[in-house]
Amino acid sequence: MDMGISGKKALVCASSKGLGRGCAAALAAEGVNVVLNARGADALEATASELRGLGVDVTTVACDITTEDGQAQVLEAAGQVDILVNNAGGPPPGMWHDWDRSDFIAALDANMLTPIALMKAVLPGMMDRGWGRVVNITSQSVKAPIPVLGLSNAARTGLTGYVAGTARQVAEKGVTINNLLPGIHATDRAVALDTGVVNAQGISMEDAQAQRQATIPARRYGTAEEFGAACAFLCSQHAGFIVGQNILLDGGGTNATI
Ligand code: NAP
């Protein structure tokens, strides 16, 4: 299927690795020029040179997207943005009594206020031009809480509420905003969370992974490639009637009828 977005420009935040990279690669494969971002320059440049091999323009901005300065840098480098994929690292696991105000502020900055700031920056241009796509990478934790990820549960649910209202205010201008909710995917983040299980339960990495896989009806972790393909579809010409939705990619892990 031709996604109909060749020649558009996408800003994909936090995209040197993992799910952000999967989204950038899928968009680049559709002929979308991409602006990539991450803090570490080495992985960022490695990903950029791979995506340039697909024949698209690739711009890199090595900075922390959760800072105002980082956001200003990516927006300056990107210029006119047709597609925005919001992403950043996830908060650390812990217990409800571990976190103080500064932990919540950091989580809110990364996983709620940064995507909101970037949407505020690019939505006016998208609306003026009558076309735009925003995809926010959130988490299955907004549908069903993950107790050890209380910071993520809280911050991402705040973003979800903002998107629910805002998506319905911009849709008449041809701009869609949707959220993609990853369940467990085989990325560095999954390794970090598996390591948490290893440490908490004193079991091997293999057992920790087997334990988490057993909670997924598909009995495997998702891949960044299939996540990216879903993102590219949401950014496509075919997805203009999908507005303000929260789409789970979790192998059936969230046990809910709707
Ligand atoms: P990942 O494999 O650890 O990759 C994270 C990417 O984001 C890297 O490119 C990293 O590069 C970049 N990054 C992290 N913090 C950044 C920052 N402050 N500014 C700019 N770039 C930053 O993570 P992932 O698995 O793709 O996860 C992506 C998001 O989905 C996270 O918020 C995660 O919590 C959420 N999620 C993941 C899963 C899963 O199973 N993988 C499940 C649910 C939710 P640098 O470190 O060089 O900056």
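Entry: I began with R219, which sits in the loop between α7 and α8 (224–234); helices here are DSSP runs of H or I with at least four residues, strands are E runs of at least two, and both are numbered from the N terminus. Phi of R219 is near 60°, a positive value in a residue other than glycine. Next I looked up A14, in the loop between β1 (9–12) and α1. A14 isn't a glycine either, yet has a positive phi of about 50°.

**Entry: what I'm looking at.** This is a predicted model, where local features need pLDDT of at least 70 and side-chain atom pairs count only at pLDDT 80 or more, while totals for chains, interfaces and linings use all residues. Residues are numbered from 1 along each chain as its sequence is written, and side-chain values use heavy atoms, with hydrogens and water left out.

**Entry: the ligand.** I found 28 residues around the ligand, the closest being S16, L19, R39, A88 and T187; a residue is near the ligand if one of its heavy atoms lies within 4 Å. I then went for polar contacts, meaning pairs of N or O atoms within 3.5 Å. The side chain of S16 has an N or O atom 2.6 Å from an oxygen atom of the ligand. For L19, a backbone N or O atom lies 2.7 Å from a ligand oxygen. R156 puts a polar side-chain atom 2.8 Å from an oxygen atom of the ligand.

Taken alone, the ligand exposes 880 Å², and the protein buries 89% of that (Shrake-Rupley areas, 1.4 Å probe). Elements giving two or more residues to the shell are α1 (18–29), β2 (33–38) and α6 (188–201). By class I noted nine nonpolar, 13 polar and six charged residues in the shell. Nonpolar covers Ala, Val, Leu, Ile, Met, Phe, Trp, Tyr, Cys and Pro; charged is Asp, Glu, Lys and Arg; the others, Gly among them, are polar.

**Entry: α6 against α7.** I checked how α6 packs with α7 (205–213): the angle is about 110° and the axes are 9 Å apart. Axes are lines fitted to C-alpha atoms over the stretch in contact, with angles from 0 to 180 degrees between N-to-C directions. So α6 is roughly perpendicular to α7, a label for 65 to 115 degrees. The contact (heavy atoms within 4.5 Å) includes A190, L193 and V197 of α6 and M205, A208 and R212 of α7. I sorted the contact residues into seven nonpolar, four polar and two charged.

Methods: Polar contact = N/O pair within 3.5 Å; in protein donor to acceptor, adjacent residues only side chain to side chain. Parallel < 35°, antiparallel > 145°, perpendicular 65-115°, else oblique.
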